[in-house]
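Reader: I am new to this structure. Could you take me through it by question and answer?

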Amino acid sequence: MAKQFTLGKNERLKSRKSIEQLFSEGKKIVVAPYRVLYILNPSVEKASLLFSVGVSAKNFKKAVDRNRVKRLTREAYRLQKNDLQKKTKAKRIQLNVFFIYTGKELPEYDEVYKKVGLVLNKLDKITGE
RNA sequence: GCUACAAGCCAGGCUAUCGUCCCGAUCUAAUCGGGAAGGAAAGUCCGGACAGCACAGAGCAAUGCACCGGUAAAGAGCCGGGUUCCGCUUCUCUUUAGACGGAAGCGGAAACAGACAGUGCCACAGAAAAUAACUAUCCCGAUGCAAAUCGGGACAAAGGUGAAAACGUAGGGUAAGAGCCUACGGCUUAUGAUGGUAACAUCAUUCGCGGGUAAACCUUGCAUGCUGAAAUGCCACGUAUAGUACCGCCUGAGAACUGCUCGUUCGAGGUACAGGGUAGGCAGAUUGAUUCCGAUAGGUAACUUUCGGAACAGAUAAAUGAUAGCCACUUUCUCUCAUCAUUGCGACUCAGAGCGCAGCGAAGAGGAAGCAACAGAAUCCGGCUUACCGGCUUGUAGCUUUU
RNA sequence: GGAUGAAUAGCUCAACGGCAGAGCGUCCCGUUGUUAGCGGGAGGGCUGAAAGUUCGAAUCUUUCUUCAUCCG
């Protein structure tokens, strides 16, 4: 049986081009400290769910704090994204997601876990439609 | 033992579950094995390595550095020395006693070439901020009894204001003054001698004595080609061999010599606007002037020679993490007092030690809280600067206790 | 990653090394039946921070802090 809770290179959004497309054409969800951009590409042969995180250097001056926020977000996403991934595979669509942390204070892990779960639920409903 | 300061070192550990990146193996999609942040990885303030472009030559400009020697690949770093200044201590001079002054020792600081190459600036105050002028002083002449006034001269630092005032003291000199002259002292230029690799120090002779500011322009000496890994090389993909305006095709637009000019060379296309395409991969790139430890030899030291051993991450929308537990650590609370130290009371005693009771602390047991400071590699090194909870070691100073 | 520049009153900006100022805004008074406007007046600054040079620093130098711009 394959592992479930992975987050390797092929599950992360890495292409500069698709990120720019996401920022120019993508839709937006806002959940408390997060602003989430996403885009659905139904006509792709390889069904996938790609993910990425960003934190503004204006809100967090120190690289340590930025890394901390990104790591927590990534961890929360990794543990909760499975249902959504199955759905995209079943429906044969590509979903690109970009999380932007807009809060100004360092979050706790529990809070991050809940908020990311909320976002994933919303995305789940959207893909279901 | 405590406190303060300075320097150096360390920068929690283990286990479980779920994960990230790189390398290797099996071997074809997953498993196994190994490895994965710092003393500052930071600021980008200096210096290099490395890479690309350029490099017949001359001049100008620009920038940087600035006591001497060493060290090093190099430096505005480091080490040692010199000079100047500051602080402390001791001695000395003088004195009723001190202060100032002198000498020695210890410690610290300095962007520490030049203000007789030139130019500029120095608010307020002050006669004047550097050429002089004004007031005052003195002499001569005129008027006048005189005081004084006017005219002509003499020179010069007396004018107490300022951050800063024209070498200081004494004497001579003079009509009155003045380094005008002399003696002593101070500073300074040049030359010589001695010591030192040198900066410099000491001595002798000599020229002088008009402030500060070069982190004002500047002068002198030395150095510097420009640009920085988003550098640069290669591969792949893709578009518009198209549009508008201006200049030019040897009577030459423009380009290169990457700051500018001369000069030299090339030269038929160039510039601007609008628009279109790509933004993937590989190399550069992680082991090198490397770092640490031990020994050895040289040196006052920084540092270096030789030998042996150990260690060293490589991401690229960007890895090194999350959760839980335990142990350490810190703070705090409760209990115990057999052990150690100490305070009070009591009995004994000439007195003390020791003894008994009580309190407090160390220590031990248990509980609670905190989970660490500063901070995250982005081509790589040597420094500097800045940030930093706590702990350990060494040194210095002060206080207390015991001997 | 690298390279530049800036910081002065609440805001926008001035100011040869010699007393920090203007416009807008704020407050008060007057004018008006009231408001706006107009007129008169007042307050507001350790010149981002700390050292240094200088007799004297917003200005010159160095080190920090914050903000902004540029690059293939």
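Author: The axes of helix 3 (residues 82-91) and helix 4 (residues 109-128) come within 10 Å and cross at roughly 15°. This is a predicted model.

Reader: Is helix 3 roughly parallel or roughly antiparallel to helix 4?

Author: The two axes cross at roughly 15°. Angles under 35 degrees count as roughly parallel. Helix 3 is therefore, relative to helix 4, roughly parallel.

Reader: How many charged residues are in the contact of helix 3 with helix 4?

Author: On the helix 3 side the contact has Asp-83, Leu-84, Lys-87, Thr-88 and Lys-91, which meet Leu-120, Leu-123, Asp-124 and Thr-127 in helix 4. By class, the residues of this contact are three nonpolar, two polar and, as charged residues, four.

Reader: Is helix 2 oblique or roughly parallel to helix 4?

Author: Helix 2 packs against helix 4 with the axes 9 Å apart and at an angle of about 50°. That angle makes the placing of helix 2 relative to helix 4 oblique.

Reader: Is the crossing of helix 2 and helix 4 left-handed or right-handed?

Author: Helix 3 passes helix 4 in a left-handed crossing. For helix 2 and helix 4, the crossing is right-handed.

Reader: Which element gives the most residues to the surface near RNA strand B?

Author: There are 27 residues around RNA strand B, and Thr-6, Lys-9, Arg-16, Lys-62 and Tyr-109 come nearest. Elements that give two or more residues to this surface are helix 1 (16-25), strand 3 (48-55) and helix 2 (63-80). By class, the surface has nine nonpolar, seven polar and eleven charged residues. With eight residues, the element that gives the most is helix 2.

Reader: Is Leu-95 buried or exposed?

Author: Leu-95 lies in strand 4 (residues 94-101). Leaving aside neighbours within four places in sequence, its contacts are Tyr-38, Leu-40, Leu-49, Thr-88 and Thr-127. A residue counts as buried if 20 or more other C-beta atoms lie within 10 Å of its own. Leu-95 has 22 such atoms within 10 Å, so Leu-95 is buried.

Reader: How far apart in space are Leu-95 and Leu-49, C-alpha to C-alpha?

Author: In sequence, Leu-95 and Leu-49 are 46 residues apart. In space, C-alpha to C-alpha, the distance between Leu-95 and Leu-49 is 4.9 Å.

Conventions. Residues are numbered from 1 along each chain as its sequence is written. Chains are lettered from A and ligands numbered from 1 in the order in which they are written. This is a predicted model: local features need pLDDT of at least 70, side-chain atom pairs count only at pLDDT 80 or more; totals for chains, interfaces and linings use all residues. Axes are lines fitted to C-alpha atoms, for helices over the stretch in contact, and angles run from 0 to 180 degrees between N-to-C directions. Helices (H or I, at least four residues) and strands (E, at least two) are DSSP runs, numbered from the N terminus. Angles under 35 degrees count as roughly parallel, over 145 as roughly antiparallel, 65 to 115 as roughly perpendicular and the rest as oblique. A crossing is left-handed if the near helix is turned anticlockwise from the far one by less than a right angle, and right-handed if clockwise. Two residues are in contact if their C-beta atoms, placed from the backbone, lie within 7 Å. Ala, Val, Leu, Ile, Met, Phe, Trp, Tyr, Cys and Pro count as nonpolar, Asp, Glu, Lys and Arg as charged, and the others, Gly among them, as polar. A residue is near a molecule or strand if its C-beta atom, placed from the backbone, lies within 6 Å of it. A residue is buried if 20 or more other C-beta atoms lie within 10 Å of its own, exposed if 12 or fewer, and partly exposed in between; C-beta atoms are placed from the backbone.
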